[in-house]
Amino acid sequence: MCIRDRIHINKKRFRDAERLLIGAQQLVVDAPSVVLFNEAVPSLKATKRRCLAVIENNLGLCDFKAGRFANAEVHFFTAASMEEELPTADNPGATLFNLARVQQSLGKHSVALDCAAAATEHLRACLLYTSPSPRDS
């Protein structure tokens, strides 16, 4: 298989992934509360926003891999703003790192550094929060 065929297959996979994510996004928006109830996040609204933030981040990854950096930027910004509003986001640090990568690809190096610094702080806070205490050793 030549490199051109591999590129075509990868582009098709990203298009397929995008269609699936957009379908999932619509399912989450339309889902009844019984389906999405999660005891860790009792609010249906928060659960839906959490799911939509993950989907937005993944749509951003599809656009980033396809070289559509402006579209990826929109998805990552949307995911990051949704995660900021949630008390327990899945991984805001990863979303901010993705945003830093797309900013760098767009030539916005100063913004990319700010996003990377914010991502590092999120991850540091997460590690400090989940680290066992010395008594647990």
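**Reading a predicted model**

Tutor: Let us begin with a single residue in this predicted model. H75 is buried, with a relative accessible area of 19%. The cut-off explains the label, because a residue counts as buried when its relative accessible area is under 20%.

Student: Where does H75 lie, and which residues does H75 touch?

Tutor: H75 belongs to helix α4, which covers residues 69-85. Not counting residues up to four places away in sequence, H75 touches E56, L59, G60 and D63.

Student: How should I read a pair of charged side chains?

Tutor: The general idea is that side chains of opposite charge can pair when their charged atoms come close. In this structure there are four salt bridges. One of them joins R68 to D63, a residue that H75 also touches. The closest N and O atoms of R68 and D63 are 2.6 Å apart. D63 is buried at 3% relative accessibility, whereas R68 is partly exposed at 30%.

Student: Which residue forms a salt bridge with E73?

Tutor: The partner of E73 is K108, with an N to O distance of 2.9 Å. E73 is in helix α4 and K108 is in the loop between α5 and α6, so this pair ties together parts that are 35 residues apart in sequence. E73 counts as buried at 13% relative accessibility, while K108 is partly exposed at 36%.

Student: Which residues of α5 are buried?

Tutor: They are P92, G93, T95, L96, N98, L99, A100, V102 and Q103. Consider T95, which is buried with a relative accessible area of 1%. Leaving aside its neighbours within four places in sequence, T95 is in contact with N57, F76, A79, A80 and E83.

Student: Where is N57 found, and is N57 buried or exposed?

Tutor: N57 is found in helix α3, residues 44-65, and counts as buried at 12% relative accessibility. Beyond residues up to four places away in sequence, N57 touches F76, A79, T95 and N98. Sequence and space can also be compared here: N57 and P92 are 35 residues apart in sequence and 9.8 Å apart in space, C-alpha to C-alpha.

Student: How should I read a nonpolar core?

Tutor: One looks for buried nonpolar residues joined through their side-chain atoms. The largest such core here has 10 residues: F64, A72, F76, A80, L96, L99, A100, V102, C115 and A119. Helices α4, α5 and α6 each supply at least two residues of this core. The most comes from α5, with four residues. C115, a member of the core, is in contact with L96, L99, A100 and Q103, leaving aside its neighbours within four places in sequence. There is also a second, separate core of eight residues, which includes L21, V28, I55 and L59.

Student: How many disulfides does a search of the whole structure find?

Tutor: A disulfide is a covalent bond between the sulfur atoms of two cysteines. In this structure, the search finds zero disulfides. Individual cysteines can still be described by their accessibility. C62 is buried at 6% relative accessibility, whereas C51 is partly exposed at 26%.

Methods:
Residues numbered from 1 in each chain as written. Predicted model: local features only at pLDDT ≥ 70, side-chain atom pairs only at ≥ 80, totals over all residues. Heavy atoms only, no water. Buried < 20%, exposed > 50% of the residue type's maximum accessible area, 1.4 Å probe, protein only. Contact = heavy atoms within 4.5 Å. Salt bridge = Lys/Arg side-chain N within 4 Å of Asp/Glu carboxyl O. Disulfide = S-S within 2.5 Å. Core = buried A, V, L, I, M, F, W, Y, C linked by side-chain atoms within 4.5 Å.
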